[in-house]
Amino acid sequence: MSSEEQLSAIKGAKVLMVGAGGIGCELLKTLALSGFQDIHIIDMDTIEVSNLNRQFLFRQSHVGQSKAKVARDAVLRFRPNISITPYHANVKESGFNVDFYKEFDVVLNGLDNLDARRHVNRLCLAADVPLVESGTTGFLGQVTVHLKGKTECYECQPKPAPKTYPVCTITSTPSKFVHCIVWAKDLLFAKLFGDKNLENDLNVRSSDATNLSEHSEDVFECRKGKDIEQYGRRIYDHVFGHNIEVALSNEETWKNRNRPRPIYSKDVFPDKLTKENGKTEKGSATDDVSAMASLGLKNPQDIWSLAENSRVFYESLRLFFLKRQKEIGNLTFDKDDQLAVEFVTAAANIRASSFGIPLHSLFEAKGIAGNIVHAVATTNAIIAGLIVIEAIKVLKKDSNSYRMTYCLEHPSKKLLLMPVEPYEPNKSCYVCSEALSELPSPVISGTVLTIEDLQQEFSCRINIKHREEFDEEREPDGMLLSGWVEAPVDKNNNKSIGNGESTSSALSMEEIQEGEKDVEIQETSESAENVTGKKRKLSEVSKGTIPDHSGLPDESSRNQNQLEKLDVDDEDDELIISNDWESLTKKKRL
Amino acid sequence: MNGEELTEQETALYDRQIRVWGADAQRRLSKSHILVYGMKGTVAEFCKNIVLAGVGSVTLVDDREVTEEALSANFLILPDENLYHGKTLAEVCCDSLKEFNPMVHVSVEKGDISTFGVEFFGKFDAVVISCCSLAKKKLINQKCRKLSKRVAFYTVDCRGSCGEIFVDLKDYKYSKKKLEETVECQLEFPSFEDTISVPWKALPKRVSKLYFAMRVIEQFEDAEGRNPGETSIADLPGVLKLRKELCETNSVNESQIPDALLERLLMDTSEYPPVCAIIGGILGQEVIKAISGKGDPLKNFFFFDAIDGKGLIEDISEPKPVS
């Protein structure tokens, strides 16, 4: 292990770490102890209390500060003579481009979301820099090595997408507690406290017959001066009583399902609530406004009764209006917002009660609503050690010894740490491999191809238009791509609602608008040595037609003689616009 | 920490790990007392892990002075002579460990651990020793076993790219989750002395070579009166001779203990930081499990070798008599 060759490989290496959290802290420490002298580290987060149980480079006094910077300072204390460069930034920023990655001998990921991992994977492929990936959850973990052309890239194997649920399951037929959480968080909470202009599937009208009645009142409108308790009861009765009755009226739905029971506030609380609540305005000096505190509910691990949940529902609603009036209309659910968590827990539990689904404690509900990943220091430490071992193999170019290592909770054939040889690249991986499948035929002048990139939540239509001649100098590819970006289409009834990943929220109109400004086109050279991502703005043109090419500015024409590929994550249609355009057009010409 | 419920501070700090092992386990951890001997890199990692986990107290024993070598794999020692001058390894590590979790009581015990009486060990729920000779391991293990209270006993040693953990939980009753149910289990662990006395011939065929290699080195150091880790490549002839004798006594083939492996263990006596992190992590998990009484414990040896990347468990015990 202490061979000269190894030591000098380590000493001279320039390493990029992405993530200074659970894995990052352990990794930075182990890299420094192992003799690495030039480490760069990117992390956009700041330190939170819940990090301190495992991100040991941070202290209580550091809460709120940049993880990357504090991690660096902490490690320099025991290794003062090495160079650690922190970046308090999002790894997806444009400054971290291919040239940036090319500077490094190896990239080590300690990320917690799929989106950033994909991003780094693609840049590493583009820069042809080895990537060591890793992840942990509780007692489980793994480390994988990715070298372009030699092993699978991170995306060669499909990764499970975050779970989403059909709208009707959330709005009408929940069968699991998580469905109730999603309802409480993304519908009820959003409707009451979030942006009023956003579309919301929660039935808000109080009329029995149809939603079209002009005179039905919006139950959710809180008129000034109205008694908060009355408002609370009205909301309660509407969502837990009325809406359930409406759902019950549709016999079909309940043929093979257990019927929910409507719950009305008068059944749970016949008397006025304020009497029962006891302490009402106690110590408004405290910053932490909490229904639990106000009601004397001490233990977040307790499972409350229907009555207790209902009390929490009213009390949290009341406290929002009383103490946080200004925020109403702008709030989004935040797992670290105690009052929000209390409200969502209570609402989810009441709904669960209605549908015969077991109730959960606030602690459990918070974990589900906040997509909290359970985590301990030991697994992160083990994974960090394994990462460094792989990184050193990579630096020594010891390719026969590269391993993917799995850290198991229960031994398999005596093994707790199981090394496996990496696989060869997946030949049909749309990220790292070459060209893919054929165009659906026939493609002729006037054909309109519809493309959907599910990974990027992006879709577009391409009108194929044939042209006999292309200027050899200005249009050497023998093809041109241009057009415009259409505003997002209205969501149809088949949309689904997700509970969301920890770093991204459920799908909304706004997100799509932001994502669709640029069309990302990947270029590959014929010999497929480099994959460079290039963002190109499509010029705005009149709807539905491809403009006359001669009139376009230079930036919309390509200046490299290359294979152009529109990357699509659609198993059926993977699209190439071959530069063997002539033969293609010749074949298809009428 | 004093009452039955976790405090608000504890709940906030330990939220993520409570989601792994539950509030009950967290409560037990907060009441536990751990004794640690031999403050090298791996043990430093282990201590960091259990302090973060929120044990009640950690008592460190190591009267050695801080040296260059100690600095190399131990991140608890800041390389500032002003800070460590005049202090023992245990004292320096104690200062650093306290910072990781103010709710854990970290302290130092001075003196020769071989002379500590049985009652001393009875103060703890788990005892972890490193850098111990064969004789010392047996002695401390025996003292722990003499107590009626169960004191979990662990040895841990890392040499170069290899690491070894030994576990003795005596008569251990615990619970674990099987599908949706909680199942009660019981295991009997042999002492260190009994374990290494198991004839090699009686062991399953595919037992890790590292087990045998470590036993040879251990016996060599014992026979030569060396401190643990005080070997070099010059000792190879002597070690190979000992291997021959032991294999003959045990009726096993010498090829069970490859030359190359013995060479590595003799030469790379200093710790390798990635291995410290891995072994310290596995050991941390084991102690946490034993304190909380939940989950299958490791029985009774764990080996890791960075050369092949495998981390495996070996059950070295007397084969049960056929009834």
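Which residues does Arg351(A) touch, not counting residues up to four places away in sequence?

**Entry 1: ground rules.** I am working with a predicted model, where local features need pLDDT of at least 70, side-chain atom pairs count only at pLDDT 80 or more, and totals for chains, interfaces and linings use all residues. Residues are numbered from 1 along each chain as its sequence is written, chains are lettered from A and ligands numbered from 1 in the order in which they are written, and side-chain values use heavy atoms, with hydrogens and water left out.

**Entry 2: Arg351(A).** I looked up its contacts (heavy atoms within 4.5 Å). Arg351(A) touches Ile170(A), Thr171(A), Ser172(A), Pro174(A), Cys180(A), Trp183(A), Phe240(A) and Ile244(A), leaving out residues up to four places away in sequence. Arg351(A) sits in helix α13 (residues 338-355) of chain A. Helices (H or I, at least four residues) and strands (E, at least two) are DSSP runs, numbered from the N terminus. I then checked accessibility: buried means under 20% relative accessible area, exposed over 50%, and partly exposed in between (1.4 Å probe, protein chains only). Arg351(A) has 3% relative accessibility, so it counts as buried. A polar atom of its side chain lies 2.9 Å from the backbone oxygen of Ile170(A).

**Entry 3: helix α7 of chain A.** Where is the kink in this helix centred? I found it at Ala184(A), with a value of about 30°, in a helix that covers residues 177-193. The bend at a residue is the angle between axes fitted to the seven residues ending there and the seven starting there. Of the 17 residues of α7(A), 15 are buried, so the helix is largely enclosed by the rest of the structure.

Entry 4: I turned to UniProt, where an unreviewed entry places the feature "binding site" at Cys153(A), Cys156(A), Cys429(A) and Cys432(A). They span 280 residues in sequence, yet no two of their C-alpha atoms are more than 8.5 Å apart, so they gather at one spot. UniProt positions are given in the numbering used here, feature names are shortened, and annotations may be inferred rather than shown by experiment.

Is Cys153(A) buried or exposed? Cys153(A) is buried, at 3% relative accessibility. Its place is the loop between β6 (140-146) and β7 (164-166) of chain A. Beyond its neighbours within four places in sequence, Cys153(A) is in contact with Asn121(A), Leu125(A), His146(A), Cys429(A), Val431(A) and Cys432(A).

Cys432(A) is partly exposed, at 22% relative accessibility. I located Cys432(A) in the loop between β9 (415-420) and β10 (448-453) of chain A. Not counting residues up to four places away in sequence, Cys432(A) touches Leu125(A), Cys153(A), Cys156(A) and Pro425(A).

**Entry 5: backbone angles.** Most residues other than glycine have a negative phi, and most peptide bonds are trans. I noted Lys397(A), which is not a glycine but has a positive phi of about 55°. Lys397(A) lies in the loop between α15 (377-395) and β8 (404-412) of chain A, and is exposed at 67% relative accessibility. Lys413(A) has a positive phi near 50°. Lys413(A) lies in the loop between β8 and β9 of chain A, and is exposed at 76%.

Asn300(B) is in the loop between α13 (273-292) and β9 (301-305) of chain B.

Technical notes. Polar contact = N/O pair within 3.5 Å; in protein donor to acceptor, adjacent residues only side chain to side chain.
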